[in-house]
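Here is a short briefing on one protein model. Read it alongside the sequence and the coordinates.

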Amino acid sequence: MNAFPAGEVWLVGAGPGDAGLLTLHAVEALKAADVVVHDALVSADVLAYAAGAELVLLGKRGGKPSPKQSEINARLVAEAKAGKRVVRLKGGDPFVFGRGAEEVLALVAADVKFRVIPGITAGIGGLAYAGIPVTARDFNSSVIFLTGHDQTGLAPEGIDWAAVGKAAGMIVLYMAMRHMGEIADKLIAGGLAADTPVAVVMNASLPEMRVLDTTLARAAADIAASGMGAPAIVSIGRGNALREQMAWR
Ligand code: SAH
């Protein structure tokens, strides 16, 4: 394993929640850290590996009051300059819809040494827990990852939804629960079949995981009726049908 020098920030992926999905590098980093600055998605089982560290919850939470990204960046830099071993721990993979790039650029600008430890992203590993393969021969040979809202919290602007529907056999949406109706309408208007299978996987990999099977046309109403909410991954595509045989959990 690698030594964790004082004064560095390691950006670590925590995976979707099941602590068994941490990498060996992530566990070593958590054990060696003086301070762990984590986001709201990191599970208690994962944080248990950082028993010797100070835990600081600092993360953006969709729709809820949350710290400014500049404050998070400044805290990481300050902790490193104070000579601490700093883990910046993010749910899933730090570079998948996690603002990891912004944080690394802030470290670069402040001349703080860093390292990146990738994690298992919810849109791949989380779906696997629901028996959904993001690629499968005969179903989908390409996959597209999209965020369901932009920085303002609205459904993302500037996306060519017709092109998205044609480009990939599997569309994986992060942070999409609030705008699912709007997104589904746009995909259907763009030519995707209204009965395209949709799976909604909430709390993927955790004991409280829930999965909803629906279709593009029914997704928003079924989500509302189910009472499901964030964090959830939405997958759209014929490959979802494999769940019938492949759901192992
Ligand atoms: N970096 C993270 C994504 C952060 S954005 C990753 O790679 O997974 C936050 C979104 O991730 C949530 O709104 C949800 O769409 C998804 N997500 C993260 N953890 C999840 C989980 N355990 N179950 C379902 N969705 C999850």
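N140 is in contact with P133, V134, T135, G169, M170 and G239, leaving aside neighbours within four places in sequence. The model is predicted. N140 sits in the loop between α5 (122–129) and β6 (143–147). Its side chain reaches the backbone oxygen of V134 at 2.3 Å. N140 has a relative accessible area of 4%, so it counts as buried, the cut-off being under 20%.

**Two domains**

- The protein is divided into domain 1 (9–120) and domain 2 (123–246).
- The C-alpha centres of domain 1 and domain 2 are 27 Å apart.
- Contact between them involves 12 residues of domain 1 and 14 residues of domain 2.
- Domain 1 and domain 2 bury about 870 Å² between them. Carbon and sulfur atoms account for 68% of that area.
- On the domain 1 side, P16, D18 and F97 lose the most area to domain 2. Together they make up 51% of what that side buries.
- Which polar links cross between the domains? There are zero salt bridges between domain 1 and domain 2, but two residue pairs are in polar contact, both at pLDDT 80 or more.
- The side of domain 1 that touches domain 2 has six nonpolar, four polar and two charged residues.

**Salt bridges**

- How many salt bridges does a search of the whole structure find? The search finds 10.
- D34 lies in the loop between α1 (24–32) and β2 (35–38), and R85 in the loop between α3 and β4 (86–90), so the pair ties together parts that are 51 residues apart in sequence.
- D34 is partly exposed, at 30% relative accessibility. R85 is also partly exposed, with a relative accessible area of 28%.
- E103 and K90 meet through their side chains in a salt bridge of 3.0 Å, N to O. E103 belongs to helix α4 (residues 100–109) and K90 to strand β4, so this pair ties together parts 13 residues apart in sequence.
- Are E103 and K90 buried or exposed? Both are buried.
- D213 and R243 form a salt bridge between their side chains at 2.8 Å, N to O. This pair links distant parts of the chain, 30 residues apart: D213 is in strand β9 (residues 210–215) and R243 in helix α9 (residues 243–246).
- D213 is partly exposed at 44% relative accessibility, whereas R243 is buried at 15%.

**N73 in helix α3**

- N73 lies in helix α3 (residues 69–81).
- The relative accessible area of N73 is 14%, so this residue counts as buried.
- Not counting residues up to four places away in sequence, N73 touches E102, E103 and A106. E103 is the residue that meets K90 in a salt bridge.

**D222 in helix α8**

- D222 is placed in helix α8 (residues 219–226).
- Leaving aside neighbours within four places in sequence, D222 is in contact with L212 and T214.
- D222 and L154 are 68 residues apart along the chain. Their C-alpha atoms are separated by 21 Å.

Technical notes: Residues numbered from 1 in each chain as written. Predicted model: local features only at pLDDT ≥ 70, side-chain atom pairs only at ≥ 80, totals over all residues. Heavy atoms only, no water. Domains from an automatic or database assignment. Contact = heavy atoms within 4.5 Å. Buried area = accessible area lost by both parts, 1.4 Å probe. Salt bridge = Lys/Arg side-chain N within 4 Å of Asp/Glu carboxyl O. Polar contact = N/O pair within 3.5 Å; in protein donor to acceptor, adjacent residues only side chain to side chain. Nonpolar A, V, L, I, M, F, W, Y, C, P; charged D, E, K, R; others polar. Helix = DSSP H or I, 4+ residues; strand = E, 2+ residues; numbered from the N terminus. Buried < 20%, exposed > 50% of the residue type's maximum accessible area, 1.4 Å probe, protein only.
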